[in-house]
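Please keep the sequence and the 3D view at hand while you read.

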Amino acid sequence: MDYFTDERHESLRAEVREFAEKEVRPQVARMEADREVEFELSREIARRGWIGVTIPQEFGGLGLGHLAKTVIVEELARVSGAMGAMAQASQLGVAKVIHFGSDTQRRRWLPRFASGESLPTIAVTEPESGGHVLGMSGTARREGDEYVLNGRKWFVGNSHIGDVHGVVFRTGKGSKGLSAFLVESDRPGFRTGELGSQSGLHGFSFGEIVFEDCRIPVANRLGRESQGLDVAYSSSTLYGRLNLAAVALGIHVAIVEDTVRFAEERVLYGKPLSQLPNIALKLGEMQSRLMTAKLAAYHASHLLDHGKPCDAELMNAKLINTEYALDSARNAMEIHAARGLQTEFRIERYLRDATHVYPPAGTSDIQRLRLGQVATGSYGKQWSAELADLAGWAWTELAEREAAAEAEAEAGQTAGASLLHMPLAG
């Protein structure tokens, strides 16, 4: 994949992988057994600055773009799907402030997200309406210089560890009657609700948050009143689908690595399992899926970093990565046979975790429906084009640093190598 990645991406990968192996892997068995929210490990990941990977340097972020974000989430999810999910969910919270926040809101919140001081979330789904955004009934009523919020959100990523929640509530009727707000977790009238039970991603909080006459200042509104639908859809399209593709990709890498290792070590009929033709065929199919899935995720990240219209590629990345990870998990179960059900072989965990990546940001049928609209020319607003300037913000910043370094080198002021060896024009 070195067509897409450069030395900065690979250095970042090595850094995250080392952390995941040394700090995360020893905690996974405990997280699986306890099934409790993993507060400290989540905070430590945030303190590493990785939540700020797409935040420009002027706001304290790494300014490395979406491909770097994909690498981070992939490497965390390779060891723990839960921690990969934690990192990707926080990125949704980053997105809403980058794209819809005022300058004041950006300067207040982005440095806190980048440093790990505050963890953001985004909360849209409600118990009654589910994924039907326009069906939500939670309300935000304006009273003078404040809004009064009432309602419940559930299936909120980082629900119980988030510090500031990006929420969408109804301020009027119809598609223009939704507005978005930032709500700090210590606001009176805000509380966390049920954590919920789930079969996988143990350690990740994916629960309920409740608003009961929760008052926030008008200054906490994101964008204009009536822009809530844009906040919800753009965050899901630009960040959610690619982020979840990265989680599925990391799990998929682990599935293939562990299954190949098992097939090489397990001897049957006097030879390693991997040398049996039917097993070799399954391993080959798994490897093919993984290569295709990684290509889809990296290509979509690359286009997004360059500010290219790529809604279809983002949808396809989510579709391919979730479906292929599940298919390979089932193949791994077949190869491991009864051992696949034993926790020490991890395959059953990978299957459970990959299943949890399937519904958010649209199931596979939703992605297929949208891709069908792309094929027939009936797909609506291209969010990747609409927000291209900010979607490629971090990459532009990185390219400017590369250009400056090259200019210094040409002037004889430095002999340093270029920060990037990949040309800007994709």
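The numbered points below go from the overall build to individual side chains.

1. **Ground rules.** This is a predicted model, in which local features need pLDDT of at least 70 and side-chain atom pairs count only at pLDDT 80 or more, while totals for chains, interfaces and linings use all residues. Residues are numbered from 1 along each chain as its sequence is written, and side-chain values use heavy atoms, with hydrogens and water left out.

2. **Overall build.** The protein has 13 helices and 10 strands; these are DSSP runs numbered from the N terminus, with helices being H or I of at least four residues and strands being E of at least two. The radius of gyration is 22 Å, close to the 22 Å from the globule rule for 426 residues, so the protein is as compact as a globular protein of that length. That radius is taken over C-alpha atoms, and the rule is 2.2 Å times the number of residues to the power 0.38. Along the principal axes, the C-alpha atoms fill a box of roughly 80 × 60 × 45 Å.

3. Of the 426 residues, 55% are buried (under 20% relative accessible area, with exposed meaning over 50% and partly exposed in between, for a 1.4 Å probe and protein chains only). The accessible surface comes to about 17300 Å², and carbon and sulfur atoms hold 52% of that surface. These areas come from the Shrake-Rupley method with a 1.4 Å probe; for residues, only the protein chains shown count as cover.

4. **Contacts along the chain.** Take the contacts between residues at least 6 apart in sequence: 76% of them join residues at least 24 apart. Contact here means heavy atoms within 4.5 Å.

5. **Aromatic pairs.** How many aromatic pairs does a search of the whole structure find? There are 10, counting rings of Phe, Tyr and Trp (its six-membered ring) with centres within 6.5 Å; planes under 30 degrees apart are stacked, over 60 edge-to-face and the rest tilted. F204 and F206 form a stacked pair, because their ring centres are 5.8 Å apart and their planes lie at 25°. F204 is buried, at 8% relative accessible area. Ring pairs also join F204 and F206 with W154 and F155 in a cluster.

6. **An edge-to-face pair.** The rings of F262 and F345 have centres 5.7 Å apart and planes at 85°, so this pair is edge-to-face. The two residues are 83 apart and link distant parts of the chain: F262 lies in helix α6 (residues 228-265), F345 in the loop between α8 (311-336) and α9 (347-357). F262 counts as buried at 9% relative accessibility, whereas F345 counts as partly exposed at 24%.

7. **Charges over rings.** Two places are worth a look here. The charged end of K69 sits over the ring of Y239, 4.2 Å from its centre. Likewise, the charged end of R112 sits over the ring of W109, 5.0 Å from its centre. The rule asks for NZ of Lys or CZ of Arg within 6 Å of the ring centre and within 35 degrees of the ring normal.

8. **Salt bridges around E21.** The count of salt bridges is 33, each being a side-chain nitrogen of Lys or Arg within 4 Å of a carboxyl oxygen of Asp or Glu. E21 makes one with R25, the closest N and O atoms being 2.7 Å apart. These two are about one helical turn apart, because they are 4 residues apart in helix α1 (residues 7-34). E21 also meets R78 in a salt bridge of 2.8 Å, N to O. R78 is buried at 10%, while E21 is partly exposed at 28%.

9. R352 and E32 form a salt bridge with the closest N and O atoms 2.8 Å apart. This pair links distant parts of the chain, R352 in helix α9 and E32 in helix α1, 320 residues apart. R352 counts as buried at 18%, and E32 counts as buried at 19%. Elsewhere on your list, E10, R13, R17, E74, E75 and K294 are linked in a network of salt bridges.

10. **G166.** Is G166 buried or exposed? G166 is buried, with a relative accessible area of 3%, and its place is in strand β4 (residues 164-170). Leaving aside neighbours within four places in sequence, G166 is in contact with K96, T121, I122, A123, F181 and L182.
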